[in-house]
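Let's take a walk through this fold together, one stop at a time. Have the chain in view and follow along.

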Amino acid sequence: MSLAEEYTEASEDSRLEQGLAYVQRNSRAYLLIAPAAVFLLAVVGYPIIETFRLSLYQSPADSNIETFVGLQHYVEIFNSDIFYRLLWQTGRWVVVGVAGKTLLGLLIAVHLKGDIRGRKFFRTAFLIPWGIPYAISAVVFRWIEHPQFGYLNAILLKLGVIEQGIGILGNPSIAWLGVVVADIWIGTPFMAIIFLAGLQSIPQELYEAAAIDGAEKWHQFRYITLPQLKSVVLIATLLSTIWTFVSFDVIWTMTGGGPISSTATLVIHIYQVGLQNGNLGRGAAYSVIGFLFLFVFAIIYLRIYTRGGDEL
């Protein structure tokens, strides 16, 4: 055996011993979290495994008979033009939605941190959109954007911007914008509160020292605020991305995925294929693909963040 092989085996044995020693030192902590871990495996792990299994079968909703088809569903999905259109629409929905929530949330948080009159009132008021059930907010925005009775068209007509009402949700080209605005309005308060908590944890001495050195507000924001908020932005945007990706009620309540499936995302299509059309196997295959997309995205996102040695 060469010296390199002996060294490799010794290092592997050392890492194994260190791992076992770590587990022994923290055995009480692992015992305390064991019930929660078992519960998560039962309510999360089993459905995921069952979805993977179901995606390999032809399973009509109106029948108890399952036929094993292997990877047929996946092959048909990846050969379908609908799938790639759904990817584009889902990506557009997630990118615009998360970007809007992040930018507006950060802007609101910065202003709420300042010494403004009624700060406590505004901090509470900004939570209202997030506390209202999403379906109710979606109904409100559907009426706001109504071509005949909506406030949006009434304001635009009053200002002379348009000559007649625009059916935003009935236009395949701009319907997604009408829906994403509602989603941004709903999700911005969460981002604002998270960012506000992060801003309040930044030592004020950093800003005072920067001001003494002659740094302007923009430079303080760029070189102090943003770096200090790095971990907060990571967690907030990661959660917002996942929630926006799996968002269903806002789109379904406002447009049902229409018109002409122009606002349909992967989640909407999963519901239509699996539950409305009764093709549970195909719907499960779409679900697995969506899960893998989110899983890979989360890993890459975290790897990029921790590349510089930072820890969460």
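**A pair of rings, a core and a threonine**

Start in helix H15, where Phe 291 and Phe 295 sit 4 residues apart, so about one helical turn separates them. Helices here are DSSP runs of H or I with at least four residues, while strands are E runs of at least two, and both are numbered from the N terminus. Before going on, note that this is a predicted model: local features need pLDDT of at least 70, side-chain atom pairs count only at pLDDT 80 or more, and totals for chains, interfaces and linings use all residues. Residues are numbered from 1 along each chain as its sequence is written, and side-chain values use heavy atoms, with hydrogens and water left out.

Back to our two rings. Their centres are 6.1 Å apart and their planes make an angle of 20°, so Phe 291 and Phe 295 count as stacked. The rule is that rings of Phe, Tyr and Trp (its six-membered ring) pair if their centres lie within 6.5 Å; planes under 30 degrees apart are stacked, over 60 edge-to-face, and the rest tilted. Phe 291 is partly exposed, at 34% relative accessibility, and Phe 295 is partly exposed too, at 46%. (Buried means under 20% relative accessible area, exposed over 50%, and partly exposed in between, with a 1.4 Å probe and protein chains only.) Elsewhere, ring pairs join Phe 78, Phe 83, Tyr 84 and Tyr 286 into a cluster.

Tyr 286 also leads us to the largest nonpolar core, which has 29 residues; Tyr 286 is among those that touch the most other members, as are Trp 93 and Val 179. A nonpolar core is a set of buried Ala, Val, Leu, Ile, Met, Phe, Trp, Tyr and Cys residues joined through side-chain atoms within 4.5 Å. Helix H9 (175-200) gives this core its largest share, 6 residues. Trp 93 is in contact (heavy atoms within 4.5 Å) with residues including Val 179, Asp 183 and Ile 251.

Now for Thr 263, in the loop between helix H13 (249-254) and helix H14 (266-276). Is Thr 263 buried or exposed? Thr 263 counts as buried because its relative accessibility is 6%. A polar atom of its side chain lies 2.6 Å from the backbone oxygen of Gly 258 and 3.2 Å from that of Gly 257.

Technical notes. A polar contact is a pair of N or O atoms within 3.5 Å; within protein, one must be able to donate a hydrogen and the other to accept it, and residues adjacent in sequence count only if both atoms are side-chain atoms. Lists of a residue's contacts leave out its neighbours within four places in sequence.
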